[in-house]
Amino acid sequence: MLLWLLEMLMKNEKLLDKIAKIVANEITDDKQAYNIQDIYDDWEIGISYKKNQYIRYHTILYKILTNHTSQRDWRPDKSPSLYAKVLVDPT
């Protein structure tokens with residue numbers, strides 16, 4: 001019984017995580033995105049990113065400025081035409 005309960009909890013956790021990512025991808029407000037930044041995926045090479053999407057790079061939240069496929073030499077911290085660091089007023 002406990003094993004079944006644990007399996008159900010793990011399935012529900014995965015489902016909730018998927019739902020959270022879907023909802024997070026609809027957010028376009030920087031402050032809202034900043035408040036839930038742990039939900040966003042880390043930047044990776046070879047991924048198609050869409051304008052206004054959020055990603056994390058070295059624990060920093062970035063907003064995608066233009067549609068593109070990421071490349072090794074287009075890192076968020078070195079490509080200001082592709083990514084903007086999300087800065088919000090802490091108040």
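Me: Why is glutamine 71 called partly exposed?

Reply: Its relative accessible area is 35%. Buried means under 20% relative accessible area, exposed means over 50%, and partly exposed is in between (1.4 Å probe, protein chains only). So glutamine 71, at 35%, lands in the partly exposed class. One heads-up: this is a predicted model, where local features need pLDDT of at least 70, side-chain atom pairs count only at pLDDT 80 or more, and totals for chains, interfaces and linings use all residues. Also, residues are numbered from 1 along each chain as its sequence is written, and side-chain values use heavy atoms, with hydrogens and water left out.

Me: Where is glutamine 71, and what is it in contact with, leaving aside neighbours within four places in sequence?

Reply: Look in the loop between strand S4 (68-69) and strand S5 (83-85). Helices (H or I, at least four residues) and strands (E, at least two) are DSSP runs, numbered from the N terminus. Beyond neighbours within four places in sequence, glutamine 71 is in contact with Trp43 and Ile45, where contact means heavy atoms within 4.5 Å. Isoleucine 45 is 26 residues away from glutamine 71 in sequence, yet their C-alpha atoms are 5.1 Å apart in space.

Me: How many helices and strands are there in the protein, and in what pattern along the sequence?

Reply: You can count two helices and five strands. Going along the sequence, the order is α-α-β-β-β-β-β.

Me: What makes the largest nonpolar core a core?

Reply: The term covers a set of buried Ala, Val, Leu, Ile, Met, Phe, Trp, Tyr and Cys residues joined through side-chain atoms within 4.5 Å. Eight residues make up the largest one here: Trp43, Tyr49, Ile55, Tyr57, Tyr62, Ile64, Leu82 and Tyr83. Strand S2 (54-57) and strand S3 (60-64) are the elements that give two or more residues to this core. There's also a second, separate core of seven residues, including Ala24, Ile27, Ala33 and Tyr40. As a general rule, nonpolar side chains in soluble globular proteins tend to be buried together.

Me: What is tryptophan 43 in contact with, leaving aside its neighbours within four places in sequence?

Reply: Quite a list: Tyr49, Ile55, Arg56, Tyr57, Ser70, Gln71, Arg72, Trp74, Arg75, Pro76 and Tyr83.

Me: Why does arginine 56 count as buried?

Reply: Arginine 56 has 18% relative accessibility, so it counts as buried. You'll find arginine 56 in strand S2. Not counting residues up to four places away, arginine 56 touches Gln37, Asp38, Tyr40, Asp41, Asp42, Trp43 and Leu61.

Me: How do you know that aspartate 42 forms a salt bridge with arginine 56?

Reply: A salt bridge needs a side-chain nitrogen of Lys or Arg within 4 Å of a carboxyl oxygen of Asp or Glu. The closest N and O atoms of aspartate 42 and arginine 56 are 3.4 Å apart, so the pair passes. Aspartate 42 lies in the loop between H2 and S1 and arginine 56 in strand S2, so the pair ties together parts that are 14 residues apart in sequence. Aspartate 42 is partly exposed at 43%. In general, side chains of opposite charge can pair when their charged atoms come close.

Me: How many salt bridges does a search of the whole structure find?

Reply: Four. One of them joins aspartate 41 and lysine 21, with closest N and O atoms 2.6 Å apart. That pair links distant parts of the chain, 20 residues apart: aspartate 41 sits in the loop between helix H2 (30-35) and strand S1 (48-49), and lysine 21 in helix H1 (residues 2-24). Aspartate 41 is partly exposed at 47%, and lysine 21 is partly exposed at 26%.

Me: And what makes aspartate 30 and lysine 63 a salt bridge?

Reply: Their closest N and O atoms are 3.2 Å apart, so they meet the salt-bridge cut-off too. Aspartate 30 is in helix H2 and lysine 63 in strand S3, so parts 33 residues apart in sequence get tied together. Aspartate 30 is partly exposed at 27%, whereas lysine 63 counts as buried at 14%.

Me: How does the radius of gyration of the protein compare with that of a compact globule of 91 residues?

Reply: The protein has 16 Å, but such a globule would be near 12 Å. The radius is taken over C-alpha atoms, and the globule rule is 2.2 Å times the number of residues to the power 0.38. The C-alpha trace spans about 55 × 35 × 20 Å along its principal axes. Of the 91 residues, 24% count as buried.
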